[in-house]
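The sequence and structure come before the text.

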Amino acid sequence: ETATATYTLKVTPKTVTVTANNKTKVYGTSDPEFDATVTGLLGNDTVDYELSRAKGENVGSYAITPTGDKDQGNYTVTYVNGTFTITKATNVLTVTGTNLSKMYDGTALESAAATTNITEGTTIEYSTDNGQNWSETAPSRTDVGTTTVSVRATNDNYETATATYTLKVTPKLVTVTAIDNSKVYGATDPKLGATVTG
């Protein structure tokens with residue numbers, strides 16, 4: 001009698017992983033080319049996938065997402081996100097302090113700080129205590145003396161720019177002139193007086 005049997009040959013898909021490579025750029029520049037690392041392929045085999053990143057142009061971190069079919073011929077594909085980082089731009093914001101001086105006249109000497117390349121979302125702040133406290137109100141000086149002012153421009157997308165300048169009020173010249181006077185010998189001294197100018 002002839003003996004027969006049946007059996008199967010089964011080849012299951014090999015697991016392949018597509019991992020988006022991390023990328024970075026400086027704020028305001030163009031995106032780099034995105035790519036991925038594929039592990040698990042044999043020989044010259046390939047799998048198809050696309051890469052995209054979350055929308056946004058401000059400084060921060062965004063997901064790079066690889067996508068494609070899960071089942072691709074001899075392979076089962078899994079996808080792993082990468083991270084796209086936008087870093088702050090440097091040497092863009094500029095703040096230049098201008099030293100101001102005047103003679104005391106009873107009115108305030110206002111602050112002055114020249115700023116360039118200031119973009120939307122930039123905050124200008126001032127401090128008169130070496131940066132211990134900051135305010136968006138520019139300081140002024142009325143009385144005689146010197147005030148050192150620190151100024152900074154901050155923006156989430158740029159490195160902070162700082163500068164220092166001074167407000168100096170100098171004394172005003174005042175003249176006190178004694179008024180000429182006289183008396184007759186033996187009489188009581190008259191009341192003395194003076195005029196003050198300035």
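## Aromatic pairs

The structure holds two aromatic pairs (rings of Phe, Tyr and Trp, the last by its six-membered ring, with centres within 6.5 Å; planes under 30 degrees apart are stacked, over 60 edge-to-face, the rest tilted). Tyrosine 27 and tyrosine 158 are edge-to-face, because their ring centres lie 5.4 Å apart and their planes meet at 80°. This pair links the loop between β2 and β3 (36–39) with strand β16 (residues 158–170), 131 residues apart. Strands (E, at least two residues) are DSSP runs numbered from the N terminus. Tyrosine 158 is buried at 9% relative accessible area, and tyrosine 27 is partly exposed at 23% (buried is under 20%, exposed over 50%, partly exposed in between; 1.4 Å probe, protein chains only).

Phenylalanine 34 and phenylalanine 84 have ring centres 5.3 Å apart and planes at 80°, so this pair is edge-to-face. Phenylalanine 84 is buried, at 0% relative accessibility.

## Basis of the model

This is a predicted model: local features need pLDDT of at least 70, side-chain atom pairs count only at pLDDT 80 or more, and totals for chains, interfaces and linings use all residues. Residues are numbered from 1 along each chain as its sequence is written, and side-chain values use heavy atoms, leaving out hydrogens and water.

An open sheet of mixed pairing has four strands in the order β2-β8-β5-β4 (strands pair if DSSP finds at least two bridges between them). β2 and strand β8 (residues 82–87) are parallel over four bridges, with lysine 23 opposite phenylalanine 84.

Lysine 25, in strand β2 (residues 23–26), is buried at 6% relative accessibility. Its contacts (heavy atoms within 4.5 Å) beyond four places in sequence include Asp31, Glu57 and Phe84.
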